[in-house]
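Subject: Structure for you to look at

Hi,

Here is the structure I said I would pass on. Have a look at it first, and then read my notes below.

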Amino acid sequence: MQVVYNFGREDAANREALGRLIASVTRFLDPDAVLAATAEGLAFTESRPLGGTWVLDALWQRLEIGKTMKRLLKGRRLDPNAERVLFALVANRALAPSSKLAASRWVNNDVHIDGLASTSDDACYRAMDWLIEISAKLEEAVFGQVANLLNLEVDLLFFDTTSTYFETEEADEALPRNERGEVVAEEKATDEHKRKGFRSFGKSKDHRDDLPQVVIGMAVARTGIPVRVWSWPGHTGDSALIRQVKDDMRDWTLSKIVWVADRGFASEQNRLHLRKGDHHYIIGEKLRSGSAEATAALARQGRYQEVRDNLRVKEVRIREDERFVICFNPEAATRDAKTRGRLVTQLTELIDGTDALSATKRAELRGVISTKPGLNRYLRTTPGGLLRIDAARIKTEENLDGKYLLRTSDPKMTAEDIALGYKQLLEVERGWRDMKQVIDLRPVFHRREDRIRAHVLLCWLALLLARIAETTTGHTWPTLRHDLDKITLGTFTGPAGTFQQRTEITKHQHDLLHALQIDTPPRIYKLTPPSR
């Protein structure tokens with residue numbers, strides 16, 4: 001054997017210098033001959049998406065989620081790949097939502113994840129169990145990293161709830177629970193602990209009151225970043241939940257916060273609780289509630305101030321310790337008027353000629369209409385039992401078209417900032433929409449309470465990473481997902497072994513990675529000599 005050139009030890013070799021040497025030599029050779037020599041006997045065996053997991057993993061590491069998980073899981077008897085499995089489950093929710101069984105197949109056959117060549121559904125379930133064990137400390141650590149790295153504005157914190165139902169007709173076994181909805185051991189249970197199943201019947205926000213459900217809450221910063229989630233039994237009402245949420249986040253070293261919530265959280269007890277710690281609130285108030293505040297606000301005269309986004313505001317003084325702002329949207333007023341017109345027309349057609357019916361028949365029709373709130377709102381019954389359009393109610397409704405009422409304890413915010421702050425509550429609604437339609441919160445393929453809670457946490461982490469990518473690039477996550485998954489990793493095998501090479505990065509993909517401050521994936525991923 002004759003040594004032509006000594007390249008040195010493999011682990012000490014300068015790969016860039018070797019690359020330049022090879023490039024310099026091949027300049028003097030026929031390109032077609034070089035290609036034929038290098039490709040001889042090679043077979044292209046598979047291609048897997050790489051870009052989506054590459055970006056998500058980079059954000060995962062930037063937020064130190066993996067590092068935090070490894071620290072919190074240290075000392076436990078578990079799979080050394082536990083952190084990688086949890087990342088894979090989060091990436092699966094963001095890129096190809098599926099059951100945990102399908103997720104393991106996705107990892108094994110359909111995608112490339114650094115540090116995780118394969119997994120199993122059992123490993124996925126075990127990882128979810130570990131996630132629940134560390135969830136409280138993990139959520140706080142993630143919030144701290146998000147706030148620091150993104151200079152997160154938490155002066156306004158938005159909170160809202162949703163529900164997700166299960167395709168089963170039976171609720172879970174009723175167990176004693178504390179006021180937080182957590183299970184209490186039987187030997188410690190008292191009469192104060194209500195017995196309910198986790199999946200239980202309640203007021204469904206998906207209009208499926210016929211199926212058991214769970215209630216989920218989410219806190220979102222003004223930039224749309226979801227900072228925390230909660231899960232409660234399906235029967236839980238909204239009203240008291242915001243007090244628990246505030247208490248849970250009390251120790252997260254937050255500065256002065258203005259809590260923003262919808263009118264379902266407007267009880268006096270909630271408002272007093274949100275004021276603790278020199279915090280404030282902006283909460284919607286029901287104009288149609290007939291409350292003293294709503295009546296007084298509507299009765300006050302004054303001019304509306306024009307603000308941006310097709311919005312006009314008028315502040316009215318009713319109480320010394322609170323401020324009230326009436327918001328008016330002309331476009332919404334037009335829509336309200338058209339909707340009411342259609343309902344009144346439909347109701348008129350239903351009751352036309354009913355004077356000739358018997359009292360029993362009119363009562364039956366009255367009962368049918370009472371089940372349709374939109375129509376029933378504009379119907380009145382005369383003392384003689386005749387059905388009529390309620391003209392007075394229509395006039396009252398006309399005065400409410402396009403308007404909503406806000407109340408706040410903050411003495412310094414302008415009326416415009418109050419209105420625009422509340423309008424940002426739409427970010428939570430967008431979060432729920434993306435959680436259900438992009439991350440695919442439902443269907444939930446779990447029956448055990450702890451794994452349902454773990455599933456919600458995985459969905460939250462997926463939404464968090466996706467939202468950070470969106471706010472950084474200005475593109476929606478479905479668009480980013482589509483563009484990034486075009487960066488693939490091809491596998492080639494031949495007499496010289498196996499190697500993996502990624503596709504070329506397009507200018508658009510490069511711009512996305514640059515905006516995210518993420519390096520491009522290596523061109524050559526893996527070189528494996530043939531087995532001897």
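Helices (H or I, at least four residues) and strands (E, at least two) are taken here as DSSP runs, numbered from the N terminus. This is a predicted model, so local features need pLDDT of at least 70 and side-chain atom pairs count only at pLDDT 80 or more, while totals for chains, interfaces and linings use all residues. Residues are numbered from 1 along each chain as its sequence is written, and side-chain values use heavy atoms, with hydrogens and water left out.

Let me start with T408, which sits in strand β14 (residues 403–408). T408 is buried, with a relative accessible area of 1%. (Buried means under 20% relative accessible area, exposed means over 50%, and partly exposed is in between, using a 1.4 Å probe and protein chains only.) Its side chain reaches the backbone oxygen of Y281 at 2.6 Å. That is a polar contact, meaning a pair of N or O atoms within 3.5 Å; within protein, one must be able to donate a hydrogen and the other to accept it, and residues adjacent in sequence count only if both atoms are side-chain atoms. Leaving out residues up to four places away in sequence, T408 touches Y281, I282, E322, R323 and I418, where contact means heavy atoms within 4.5 Å.

Helix α11 covers residues 330–351, so 22 residues, and spans 32 Å from its first C-alpha to its last, close to the 32 Å expected at 1.5 Å a residue. (The expected span is 1.5 Å times one less than the number of residues.) Which residues of α11 are buried? They are A332, A333, R340, V344, L347 and I351. These cover an arc of only 105 degrees around the axis, which puts them on the same side of α11; the arc is that of the directions from the helix axis to the C-beta atoms. On the other side of α11, R335, K338, R342 and E349 are exposed. The buried residues of α11 pack against β11 (323–328), α12 (359–370), α13 (373–376), β12 (379–381), β13 (387–389) and α14 (391–398). At the start of the helix, a side-chain oxygen of N329 comes to within 3.0 Å of the backbone nitrogen of E331. Just after α11, G353 has a positive phi of about 85 degrees.

Now the cores. A nonpolar core here is a set of buried Ala, Val, Leu, Ile, Met, Phe, Trp, Tyr and Cys residues joined through side-chain atoms within 4.5 Å. The largest one has 93 residues, and I65, M69, L464 and W477 touch the most other members. Helix α17 gives the largest share of this core, 15 residues. As for I65, its contacts beyond four places in sequence are W60, L138, V142, L461 and L465. There is also a second, separate core of 22 residues, with A219, A221, A266 and I283 among them.

Most residues other than glycine have a negative phi, and most peptide bonds are trans. Yet a cis peptide bond joins R442 and P443, with omega about 5 degrees. P443 lies in the loop between α16 (426–437) and α17 (449–473). D440 is in the loop between α16 and α17 as well, and its phi is positive, near 60 degrees, though D440 is not a glycine. At 27% relative accessibility, D440 counts as partly exposed. Q517 also has a positive phi, about 55 degrees, without being a glycine. You will find Q517 in the loop between α19 (507–515) and β17 (524–528), where Q517 is exposed, at 66% relative accessible area.

While you are in that region, look at H510 in helix α19. H510 is partly exposed, with a relative accessible area of 42%. Not counting residues up to four places away in sequence, H510 touches I505 and T520.

Last, the cysteines. How many disulfides are there? With a disulfide taken as a pair of cysteine sulfur atoms within 2.5 Å, the count is zero. C124 is in no disulfide, and the nearest cysteine sulfur, that of C459, is 14 Å away. C124 counts as buried at 2% relative accessibility, and C459 counts as buried at 0%.

Cheers

Methods:
Expected span 1.5 Å × (residues − 1).
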